[in-house]
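Visitor: I'd like to learn how to read a protein model. Could you walk me through it?

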Amino acid sequence: MSRELIKRIFSSIILLPVLIYLIIQGSLYFNLLLIFCLVISIYEWNNIAKKKQIKLFGLFFLILSFFSIYKLRNEFYGEHNLVFFVLLICISTDLGGYLFGKTFKGPKLTKISPQKTYSGVLGSFIVSYFCSINYFYFFNNFFSKVSLLEISIIIVLISFVSQIGDLIISYFKRISNMKDTGKLIPGHGGILDRIDGMIFAFPLFYFLFASNISQ
């Protein structure tokens, strides 16, 4: 087991319970967490985006993304379930891509992110669907007005957008000759390294689906 992997595991063990607690509790501490992550994300984005127009667009999009998370957590009934649902799709998308990519390897997806393979893309969809559909059934009362077909489309779309977000941030890191967007989280890199797919997934989920799910 590599040193970086050990750091990543320990960081996750420490940070995940804290994150889960803050999402469930909500209120001031969760909002402060969002502000902190937004500020660091803007700083990291400023380091990897070279053109002024791109920086301004990214700034606007980051604010929009974190605002959508805030609205999901604070506006709807059962709000933390919505946040966890999107997080689960994004995290299981990353996990599926890693597991299938390492196991089956195969043709590379793109030069933007040399580690990504077509088998990893397939694994991202499979694992995210399996994990998220079980969440859907477990909280069936909460998602009672959403059909299996609708939730399936939502999962696939969010997984797809999460993977696109990963590639977009990888592209900007590549043209900036940076391996990571930062060094804040041991073994993981910066905030943007961890939320690259989520910053695209949350706005999509909020603007297209959240109001229908939570009514």
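Predicted model: local features only at pLDDT ≥ 70, side-chain atom pairs only at ≥ 80, totals over all residues.

Visitor: Which helix does Ser-162 lie in, and is Ser-162 buried or exposed?

Guide: Ser-162 is part of helix α6. Its relative accessible area is 2%, and buried means under 20%, so Ser-162 counts as buried.

Visitor: How do I describe two packed helices?

Guide: You give the angle between their axes and the distance between the axes. Here, α5 (residues 118-138) packs with α6 (residues 148-175) at about 140°, and their axes are 9 Å apart. That makes the two helices oblique to each other, and their crossing is right-handed.

Visitor: Which residues of α5 and α6 make the contact?

Guide: Among them are Val-121, Phe-125 and Tyr-129 of α5, and Leu-148, Ile-151 and Phe-160 of α6. The contact residues of α5 with α6 divide into 11 nonpolar, six polar and no charged.

Visitor: What about aromatic rings? How many aromatic pairs are there?

Guide: The count comes to 10 aromatic pairs. Take Trp-45 and Phe-172: their ring centres are 4.9 Å apart and their planes sit at 75°, so this pair is edge-to-face. It links distant parts of the chain, with Trp-45 in helix α2 and Phe-172 in helix α6, 127 residues apart.

Visitor: Are Trp-45 and Phe-172 buried or exposed?

Guide: Trp-45 is buried at 9% relative accessibility, and Phe-172 is buried at 13%. Together with Tyr-171, Trp-45 and Phe-172 form one aromatic cluster.

Methods:
Residues numbered from 1 in each chain as written. Heavy atoms only, no water. Axes fitted to C-alpha atoms, helices over the stretch in contact; angles between N-to-C directions. Helix = DSSP H or I, 4+ residues; strand = E, 2+ residues; numbered from the N terminus. Parallel < 35°, antiparallel > 145°, perpendicular 65-115°, else oblique. Left-handed = near helix turned anticlockwise from the far one by under 90°. Contact = heavy atoms within 4.5 Å. Nonpolar A, V, L, I, M, F, W, Y, C, P; charged D, E, K, R; others polar. Buried < 20%, exposed > 50% of the residue type's maximum accessible area, 1.4 Å probe, protein only. Phe/Tyr/Trp six-rings, centres within 6.5 Å; stacked < 30°, edge-to-face > 60°.
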